[in-house]
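Q: I'd like a close look at one part of this protein, please, taken step by step with its side chains in view.

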Amino acid sequence: TEIRCQEKSKGGLCYEVILAEPAVNVALPKLPPTQGKNVSAEEIEEKLKAAEERRLSLEAKKMADWSAKMAKIEEASRKKDELDKEFKTHAKEVLHTKMEQYEEKRVQQLSEIKEKLKTHAADIEKTRQSLEQQKVEELQKHLEDKLRNAATLRDDNIKKILDRLKEHNTDKLNEVRATIDQIEALKTTEKTRIIENKLSTAEQNREKELQKKLENIRKHERRAELVRQNKAALAQKTDVTASSG
């Protein structure tokens with residue numbers, strides 16, 4: 001009998017049992033000779049058969065033990081696979097449940113955040129409108145105060161002007177008219193004096209310009225006379241030289 005063991009997978013073993021015929025050339029143990037007793041061939045044959053039966057019984061027992069062990073190993077492997085499968089299924093269900101709970105919680109949190117943002121935005125808009133309304137009211141009040149003050153000041157100025165106009169009587173008006181006439185006369189006299197001064201200045205400038213032109217003419221005549229004299233002297237000198245030659 002031969003038993004071979006081989007590991008097929010992690011945590012599992014494969015056993016291979018090979019049954020063979022008894023070897024013919026197996027040397028049987030020699031029994032010590034019994035003195036004084038003759039053993040017949042039949043007795044020897046019976047003993048051999050008994051020994052063979054015992055050997056077969058032992059081998060059968062070993063095979064039964066190995067089969068029981070293999071059955072236990074297979075049962076343990078099957079239970080292990082079932083436990084692994086149950087664990088994986090349970091873990092998958094737990095993970096799926098947790099994912100669903102997480103998704104529901106996330107959706108709920110997002111919904112709460114959106115509601116808070118809407119409420120916050122509404123509060124901000126309400127505050128902004130309130131501030132704008134308050135600012136508009138303050139600006140309107142300020143403009144009304146300015147207009148009221150301007151109207152009061154204008155009424156006061158008009159009243160003062162009317163009072164001043166009432167205070168002016170006929171003599172005052174005549175005095176004002178006389179003063180205006182004097183001012184106009186002075187303006188006319190001043191204008192006349194200015195015009196005369198301008199005319200006098202223009203006349204003086206014209207005389208200066210004439211004097212300058214006359215002086216230039218005199219200079220030109222003197223230069224021309226000098227040139228004529230030089231020409232006459234040169235001609236006379238030429239005549240004297242010619243007569244000497």
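Which residues does the UniProt annotation "coiled-coil region" cover? After that, please stay with helix 1.

A: Happy to. The UniProt record, an unreviewed entry, places "coiled-coil region" at residues 34–156 and 203–237; its positions are given in the numbering used here, and such annotations may be inferred rather than shown by experiment. Please keep in mind that this is a predicted model, in which local features need pLDDT of at least 70 and side-chain atom pairs pLDDT 80 or more, while totals for chains, interfaces and linings use all residues. Residues are numbered from 1 along each chain as its sequence is written, and side-chain values use heavy atoms, without hydrogens or water.

First, the setting. The protein has two helices and two strands (DSSP runs numbered from the N terminus: H or I of at least four residues for helices, E of at least two for strands). Read from the N terminus, their order is β-β-α-α. Of the 245 residues in the protein, 1% are buried (under 20% relative accessible area; exposed is over 50%, partly exposed in between, with a 1.4 Å probe and protein chains only). In the annotated stretch 203–237, the chain is 100% helix and 0% strand, with 51 Å between its end C-alpha atoms.

Now to helix 1, which spans residues 41–167. A negative surface patch brings together Glu 42, Glu 43, Glu 45 and Glu 46. Patch members have over 30% relative accessible area and no salt bridge, with like charges joined within 9 Å and nonpolar side chains within 5 Å. Glu 42 belongs to helix 1, and its relative accessible area of 62% makes it exposed.

The whole structure holds 14 salt bridges (a side-chain nitrogen of Lys or Arg within 4 Å of a carboxyl oxygen of Asp or Glu). One of them joins Arg 55 to Glu 59 at 2.6 Å, N to O. These two residues of helix 1 are four apart, about one turn of the helix. Both are partly exposed: Arg 55 has a relative accessible area of 27%, and Glu 59 has 22%.

Next come Glu 75 and Arg 78, whose closest N and O atoms in their salt bridge are 2.1 Å apart. Because they sit three residues apart in helix 1, about one helical turn separates them. Glu 75 is partly exposed at 30% relative accessibility, and Arg 78 is likewise partly exposed, at 39%.

Glu 125 and Arg 128 also meet in a salt bridge, at 2.3 Å from N to O. This pair lies in helix 1 too, with a spacing of three residues, about one turn. Glu 125 has 32% relative accessible area and counts as partly exposed, as does Arg 128 at 36%.

Leu 110, Ile 113 and Leu 117 make up a nonpolar patch with about 280 Å² of accessible area together (Shrake-Rupley method, 1.4 Å probe, only the protein chains shown counting as cover for residues). Leu 117 is part of helix 1, and because its relative accessibility is 54%, it counts as exposed.

Terms used: Lys, Arg positive; Asp, Glu negative; His and termini not counted. Charge placed at Lys NZ, Arg CZ, Asp CG, Glu CD.
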